[in-house]
Amino acid sequence: QTVEPAAALLLGLNVDLPWEFGVSPWSPAPIRSWLGPLFSCGPGFLFLRLLISAGITPTTWLVLGAARLPLCVISLLQDAMLTRMCTSLGVPVRRTLLCYASA
């Protein structure tokens, strides 16, 4: 549910926002913040805006990949930092990464 708000705001697309991000008769304000979607999908969508402004039409695969690429990079950085910490502390890396991934 993070792709729709970021796409609406950054790409100017007309999307149906999930109810958590909109105002409803039951809630005068959204119950979820827009910061999560903007930080997770925002960099990829800003890259798409750059491509669109350069005259390149993005494919569906590029749009889906751009939305998820920043999260993959963050995940890779987390794994790299955890591996580095385990190595410096003398803790088994494989077991620690398995426990971290299953949490």
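A: Helix 1 (residues 3-10) packs on helix 2 (residues 35-53) at an angle of about 45°, and their axes lie 9 Å apart. Here helices are DSSP runs (H or I, at least four residues), numbered from the N terminus; axes are lines fitted to C-alpha atoms over the stretch in contact, and angles run from 0 to 180 degrees between N-to-C directions. The angle makes helix 1 oblique to helix 2, since angles under 35 degrees count as roughly parallel, over 145 as roughly antiparallel, 65 to 115 as roughly perpendicular and the rest as oblique. The crossing of helix 1 over helix 2 is right-handed, meaning that the near helix is turned clockwise from the far one by less than a right angle. On the helix 1 side the contact (heavy atoms within 4.5 Å) involves Val3, Pro5, Ala6, Ala7, Leu9 and Leu10, and on the helix 2 side Pro37, Leu38, Cys41, Gly42, Phe45, Leu46 and Arg49.

This is a predicted model: local features need pLDDT of at least 70, side-chain atom pairs count only at pLDDT 80 or more, and totals for chains, interfaces and linings use all residues. Residues are numbered from 1 along each chain as its sequence is written, and side-chain values use heavy atoms, with hydrogens and water left out.

Leu9 belongs to helix 1. Leaving aside neighbours within four places in sequence, Leu9 is in contact with Trp34 and Leu38. Leu9 and Phe45 are 36 residues apart in sequence, and their C-alpha atoms are 9.7 Å apart in space.

Phe45 also takes part in the packing of helix 2 on helix 3, where the contact is made by Ser40, Cys41, Pro43, Gly44, Phe45, Leu48 and Leu51 of helix 2 and by Leu62, Val63, Ala66, Ala67, Pro70 and Leu71 of helix 3. The axes of these two helices come within 6 Å and cross at roughly 140°, which makes helix 2 oblique to helix 3. Helix 2 passes helix 3 in a right-handed crossing.

Helix 3 in turn packs on helix 4 (residues 93-102) at an angle of about 140°, with the axes 9 Å apart. That angle makes helix 3 oblique to helix 4, and the crossing is right-handed. Helix 3 contributes Gln78, Asp79, Leu82, Thr83, Cys86 and Thr87 to the contact, and helix 4 contributes Val93, Thr96, Leu97 and Tyr100.
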